[in-house]
Amino acid sequence: MKPAPFEYHRPGSLDEATALLAELGDEAKVLAGGQSLVPMLSLRLAYFDHVVDISRLTELRGVTAADGYLRVGAGTTETAVGADLDVARAVPLLTRATPLIGHFQIRNRGTLGGSVAHADPAGEYPVVALTLDAEIEAVSAAGGHRVIPAADFFTGLWSTALEPDELLVGVRFPVWGARSGFAVEEFARRSGDFAVAGAGGGVALDADERVARAAIGLLGLGSTPLRASGAEAAAVGQRADELDAAELGRLAMSGLEDVPADLQGSADYRIRVGAAMVARAWAAASNEAIGQRAAVGARP
Amino acid sequence: MTELTVRLTVNGETVEQTAEPRMTLADFLRERCGLTGTHLGCEHGACGACTLLVDGVAVRSCLMFAVQADGLSVTTVEGIAAADGTLSPVQAALRDCHGLQCGFCTPGFVMSITALLRDNPTPTDEEIREGLSGNFCRCTGYQGILAAVRVPLLTAAPGDVRSYENGGREISQTFRVTGGTSD
């Protein structure tokens, strides 16, 4: 046995879970799918006196469509997210990012909420949430219900705005309108590894084929998932077919402050890979949006 | 540390043992149930050697605590062959295609491939590679394993002769049992 000893709790309901978190405070850690937490416990990168297992709370699972957004319950497994047709229709970026998470055996246990709450800077769902301006729903026994914009959620390496007594219960992803395209690209040394660098993006076009909305998210290029707001601003208002994706990729890399460096690659290398990933993701997303525009226009 | 009672079904039989909460399902099966077919390589979710089925779903048993499997149904590699020892089609194909050398990673591959082919009986080569990407093998170079996954796709009857390509070579094999072959 490699993890340090802990006391195990398996609450039977959401209310029981939040009551436990209120009682145990920061001595407790929530266990969802365990695909990141268990390795950290086994490597003793982390230890907790109490582990609160929410993996059997069926009320945390499921996908629901609401006005203008799609809500994914925190306990929905990555496999279920990847296979969900409503997700594929409403939030294609989420569907396309899913196969890049680990391997199918990991996705069978790993959950959307667990991935977002774990907040790995190279994680796929955190960067999708940030890129699409998702809203994170948290509940606590004391404070009830709180909605946290993704832009305020990721506060540092593996750190979030969640309070110790709060439980992440769902994520709301805004649904973009027609004439939009999405893509995610990442480079990993081996299939399923955390990416050396990656990017996810969304492009929405107006009636004049100009970029009405641009979202570019970066993964593995800092201590949190990041938005390339400079590159986004440069793209908005431009004709999509005249934009230079490679130039946007370079622009997206400007101002990065804490690019990781390790055996997988230096910071300079990651920046070069990141620029290429942004360019690829932008080109794919942009082409998808342009294709939809042409199809609409081609109707008699 | 307090041990908790864990009751679960392992390969169709009910098992009741105690375990510390921090004991992984893999350790529980090996040390408390005597089922050492589940192998532990990295113990942090990278190598896939400990893959097994929990309620029919392939998972890494080093990334799950035994207490989390309480009340669930687990299938290990010991539950894959028939009771009389006849290998499953996946196991027979791994043997016949030289899909193993030292055998350490093999239980994990058997479980992953079994789940893969159950959910997608006719995978493309790309899907096979993706499906195998969560399991490490340090002996074979993977080509024999890839060939083995293709063999059960041929739903042949015993005695049938079928051909398939392995590493650019056309190989002809006689089927001994459904999905299994001999040269």
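How many residue pairs are in polar contact between chain A and chain B, taking both at pLDDT 80 or more?

1. The interface. The model is predicted, and between chain A and chain B it shows 11 residue pairs in polar contact, with both residues at pLDDT 80 or more. Within chain A, the side that touches chain B draws at least two residues from each of S1, helix H2 (37-42) and helix H6 (104-107). The contact involves 33 residues from chain A and 34 residues from chain B, and the area buried between the two chains is about 2700 Å², with carbon and sulfur atoms giving 59% of that area.

2. Salt bridges across the interface. Two salt bridges are counted between chain A and chain B. One of them joins the side chains of Arg107(A) and Glu130(B), at 3.5 Å from N to O. Arg107(A) belongs to helix H6 of chain A and Glu130(B) to helix H4 (residues 125-132) of chain B, so the pair joins two chains.

3. Aromatic pairs. Over all chains the structure holds four aromatic pairs. One of these is formed by Phe6(A) and Phe65(B), which are edge-to-face with 5.1 Å from centre to centre and 65° between the planes. This pair crosses between chains, running from the segment before strand S1 (7-9) of chain A, where Phe6(A) lies, to the loop between strand S4 (57-60) and strand S5 (73-75) of chain B, where Phe65(B) lies. Phe6(A) counts as buried at 2% relative accessibility, and Phe65(B) is buried with a relative accessible area of 0%. Phe153(A) and Phe154(A) form another edge-to-face pair, with 5.1 Å between the centres and 90° between the planes; Phe153(A) is buried at 0% relative accessibility, and Phe154(A) is buried at 10%.

4. A charge over a ring. In chain B, the charged end of Arg138(B) sits over the ring of Phe136(B), at 4.7 Å from the centre of that ring.

5. Salt bridges within the chains. A search of the whole structure finds 21 salt bridges over all chains. In chain A, Glu135(A) forms a salt bridge with Arg172(A), with the closest N and O atoms 3.6 Å apart. The pair links distant parts of the chain, as Glu135(A) is in strand S6 (residues 135-140) and Arg172(A) is in strand S10, 37 residues apart. Glu135(A) is partly exposed at 31% relative accessibility, while Arg172(A) is buried at 18%. In chain B, Arg32(B) and Glu3(B) form a salt bridge whose closest N and O atoms are 3.4 Å apart. Here too the pair links distant parts of the chain, with Arg32(B) in helix H1 and Glu3(B) in the segment before S1, 29 residues apart. Arg32(B) is partly exposed at 28% relative accessibility, as is Glu3(B) at 37%. Salt bridges that share partners also join Arg71(A), Glu135(A), Glu137(A) and Arg172(A) into one network.

6. The surroundings of Val171(A). Val171(A) has its place in strand S10 (residues 166-174) of chain A and is buried, with a relative accessible area of 0%. Leaving aside neighbours within four places in sequence, the residues in contact with Val171(A) include Arg71(A) and Glu135(A), together with Leu70(A), Val72(A), Leu112(A) and Val116(A).

7. The fold and helices of chain B. Chain B has five helices and eight strands, and its elements run β-β-α-β-β-β-α-α-α-α-β-β-β from the N terminus on. Of its 183 residues, 52% count as buried. Helix H5 (residues 143-150) of chain B has seven of its eight residues buried, so this helix is largely enclosed by the rest of the structure. In helix H1 (residues 25-32) of chain B, the buried residues are Leu25(B), Ala26(B), Asp27(B), Phe28(B) and Leu29(B). The buried residues of H1(B) pack against strand S1 (4-10), strand S2 (13-19), strand S3 (51-54) and S5 of chain B, and just after this helix Gly34(B) takes a positive phi of about 70°.

Technical notes
Residues numbered from 1 in each chain as written. Chains lettered and ligands numbered in written order. Heavy atoms only, no water. Phe/Tyr/Trp six-rings, centres within 6.5 Å; stacked < 30°, edge-to-face > 60°. Helix = DSSP H or I, 4+ residues; strand = E, 2+ residues; numbered from the N terminus. Buried < 20%, exposed > 50% of the residue type's maximum accessible area, 1.4 Å probe, protein only. Lys NZ or Arg CZ within 6 Å of the ring centre and 35° of its normal. Contact = heavy atoms within 4.5 Å. Buried area = accessible area lost by both parts, 1.4 Å probe. Salt bridge = Lys/Arg side-chain N within 4 Å of Asp/Glu carboxyl O. Polar contact = N/O pair within 3.5 Å; in protein donor to acceptor, adjacent residues only side chain to side chain.
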